[in-house]
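Please describe this protein chain from its model. Cover the fold, the strand pairing and the pockets.

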Amino acid sequence: MIGNRKGKVGVGVAKGADVSDAIQKSFNDAKRNLVSVTLQGSTIPHDVRKKNGSAVVLLKPGISGQGIIAGGAVRAVMDLAGIKDVVS
């Protein structure tokens, strides 16, 4: 995962002959798959609900100073996107 903490985040997955090759390939894949995230101050502007297969992710805007209340994967993406106050 890569992000600029200003509203852009990307995720990449790749395989390689050794660990360093896999990391480099996944980094390049993440740069190609950047997504822009709309920010409203330090949070998101509205509720977001996304279902993929059996997984459901629900994101709600947080009040200032609340922090990131989320699990591991969501927390990492929110941090790299620059979102500081969100509830998942």
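## Basis of the model

This is a predicted model, in which local features need pLDDT of at least 70 and side-chain atom pairs count only at pLDDT 80 or more, while totals for chains, interfaces and linings use all residues. Residues are numbered from 1 along each chain as its sequence is written, and side-chain values use heavy atoms, with hydrogens and water left out.

## Overall architecture

The protein chain holds two helices and seven strands. Helices (H or I, at least four residues) and strands (E, at least two) are DSSP runs, numbered from the N terminus. Their order from the N terminus is β-β-α-β-β-β-β-α-β. Along the principal axes, the C-alpha atoms fill a box of roughly 45 × 30 × 20 Å.

Of the 88 residues in the protein chain, 25% are buried. Buried means under 20% relative accessible area, exposed over 50%, and partly exposed in between (1.4 Å probe, protein chains only). The accessible surface is about 5,900 Å², and carbon and sulfur atoms hold 56% of that area. Areas come from the Shrake-Rupley method with a 1.4 Å probe; for residues, only the protein chains shown count as cover. Take contacts (heavy atoms within 4.5 Å) between residues at least 6 apart in sequence: 44% of them join residues at least 24 apart.

## Strand pairing

β4 and β5 run antiparallel, joined by five bridges. Two strands pair if DSSP finds at least two bridges between them. β4 and β5 form a hairpin with two residues between them. In its turn, G53 has a positive phi of about 65°. N52 stands opposite A55 in β5.

β5 also pairs with β7 (residues 86–87), again in the antiparallel sense, over two bridges. There P61 stands opposite V86 in β7.

## A positive phi at R5

R5 sits in the loop between β1 (2–3) and β2. Its phi is near 60°, a positive value in a residue other than glycine. R5 is partly exposed, with a relative accessible area of 46%.

## The largest pocket

Rolling a probe the size of a water molecule over the atoms shows where empty space is left. The search uses a 1 Å grid over the protein atoms alone; a pocket is an open set of points where a 1.4 Å probe fits, with protein on both sides within 12 Å along at least five of seven lines, and lining residues have an atom within 4 Å of a point. Grid points are joined across faces, edges and corners, and a volume is the space filled by probe spheres set on the points.

The largest pocket has a volume of about 300 Å³. Its lining has 14 residues, with V48, K50, V57, L59 and M78 nearest the centre. β4 (48–52), β5 (55–61) and α2 (72–81) are the elements that give two or more residues to this lining. β4 supplies the largest share, four residues. By class, the lining has nine nonpolar, three polar and two charged residues. Ala, Val, Leu, Ile, Met, Phe, Trp, Tyr, Cys and Pro count as nonpolar, Asp, Glu, Lys and Arg as charged, and the others, Gly among them, as polar.

## The second largest pocket

The second largest pocket holds about 190 Å³ of space. Its lining includes V9, G10, V11, V35 and V37. L59 and M78 line this pocket too, and both are also among the residues nearest the centre of the largest pocket.

β2 (8–10) and α2 each supply at least two residues of the lining. α2 gives the most, with three. The lining divides into nine nonpolar residues, one polar and no charged.
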